[in-house]
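Subject: Structure handover and notes

Dear colleague,

I am passing on the structure below, together with some notes on what turned up in it. Please read them alongside the coordinates and the sequence.

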Amino acid sequence: MTTIEQSGTPSVPPDSGTPTTRTPFKRVLAGSMAGAVLEWYDFAVYGILAATVLGPLFFPSGNAVASLLMALATQGLGFVARPLGGIVFGHLGDKFGRKPILVATFLMLGGATAAIGLLPTYGQIGIWATVALVVLRMIQGFALGGEFGAAVILVSEYGEPKRRGFWAAWPQSGAPAGTVLATVTVGILAVVFPGDAFDNWGWRVAFLLAVPLLIIGFLIRRGVEESPVYQAAQAKAESAEDKAAHKESSSIIEALRKPRPLLHGLGMRLGENIAFYVYTIFVIAYATTYFDYTRGAIVTTVAFASVCQFLGMIGGGWWSDRVGRKIAMLVPSISLVIWAPIFFALVHTENMTALGVGVCVGALLHGMLAGPEAAWITELFPTKYRFAGSSLVFQGSSIIAGAPAPFIAVWLVDRFNATAVIVYLVITMSITVIAVATSRETKGVDLDKLDDLY
């Protein structure tokens, strides 16, 4: 096992040449959180409204199910664009810095989300409404490919090593925070704009609410200085002996040349992504299609489970700073393997309380796994290609694991039965266990000394 020197001292030593002026860490954290919450707020809002409003308005069809499927397929297009965004912004973030990417991707993401709220419908401009919605979803996915990596990396590089797991878990927790915000927002708007008022124009407010978050987030992010760890790495790279090598190739190519960290990261994210979508997305369709659960009750339960997931992420990140990343991730990974058959047994009772326990425990365990993951993935790569490597892991796993997971689970149930989904979960989570168990321990690693190993 590779031994990495660990330290409780700040990541940038006093003699590194890095400017001593630094943005207050609270501002860095707030700026990173703003983008993460907006990212998942949009994802959840679109998913909720696709099932009720967007299908008929932008994908009219004589078949309501066909309209719904086309609306959900547009949701999937965002996943397709994410890896491309991760590749482009990963390279740019390693070449020009974390801050410009953090600002640019946030503006793209927020602007596209708000624009959806202003789109004319199919009934007003025909097929161009559908085309415009597809383009905006692609822009959102492209921006997300770089936004999340920039947010997590900036927090990780600013934060002190001994608490990096805890702080990096905060932008990671934007997923459950954004989901809860979206669910609450749509619920309130449905009450404020009852009946046809919501279907006609009230739904637009949910997307337009991205504007104030965009403005606040932009003002916060604009005042964030470049990562001190990145500045130190750039200063070293511009030295006479490193200058030629620094400009030789793309950081994406450099990350691919040493695939072991990528494989560990992708293996870890495989089961983690699939577990998330099974416990939060697939369960809605499964419970309402094959049993007598009501959609409203399931959606409310998933929203409450998001709170459990949020707490699990923050707690998992905090715990990883004490026991190490590997133990903190192995415990929930193995627990998720064990929980898979229990979860389906609880759903099959057709008791709402039992289902709630199944979903909430699954979400909590997933949060405990995903919390330490944010710091761990950034610690796998040296500064010179940390953005590229992390983006390939985060976004590559989303397209190969997260995006198809609900569809694969639905197909398995339809073609076989729930046992097939249990096997699917157990196999993929076992891959996650192996990936984590065979990786190196990165708790408290000094990111500057990590660079010397590559």
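The axes of helix H13 and helix H19 (residues 418-437) come within 7 Å and cross at roughly 155°, where axes are lines fitted to C-alpha atoms, for helices over the stretch in contact, and angles run from 0 to 180 degrees between N-to-C directions. H13 and H19 are therefore roughly antiparallel to each other, the cut-offs being under 35 degrees for roughly parallel, over 145 for roughly antiparallel, 65 to 115 for roughly perpendicular, and oblique for the rest. Helices (H or I, at least four residues) and strands (E, at least two) are DSSP runs, numbered from the N terminus.

Please keep in mind that this is a predicted model, in which local features need pLDDT of at least 70 and side-chain atom pairs count only at pLDDT 80 or more, while totals for chains, interfaces and linings use all residues. Residues are numbered from 1 along each chain as its sequence is written, and side-chain values use heavy atoms, with hydrogens and water left out.

Turning to charged pairs, a search of the whole structure finds 10 salt bridges, each defined as a side-chain nitrogen of Lys or Arg within 4 Å of a carboxyl oxygen of Asp or Glu. One of them joins Glu 157 to Arg 386, with the closest N and O atoms 2.7 Å apart. Because Glu 157 lies in helix H5 (residues 127-158) and Arg 386 in helix H17 (residues 386-402), this pair ties together parts that are 229 residues apart in sequence. Glu 157 counts as buried at 1% relative accessibility, and Arg 386 counts as buried at 0% (buried means under 20% relative accessible area, exposed over 50%, and partly exposed in between, with a 1.4 Å probe and protein chains only).

Within helix H13 (residues 260-290), Glu 272 and Arg 269 lie three residues apart, about one turn of the helix, and they form a salt bridge whose closest N and O atoms are 3.1 Å apart. Glu 272 is buried, with a relative accessible area of 4%, and Arg 269 is buried at 8%. The side chains of Arg 325 and Asp 321 also meet in a salt bridge, at 3.0 Å from N to O, and both of these residues, Arg 325 and Asp 321, are buried. Salt bridges that share partners join Asp 94, Arg 98, Glu 157 and Arg 386 into one network.

Two individual residues may also deserve a look. Phe 89, in contrast, is found in helix H2 (residues 64-96) and is buried, with a relative accessible area of 6%. Phe 89 and Ala 388 are 299 residues apart in sequence, yet their C-alpha atoms are 7.7 Å apart in space.
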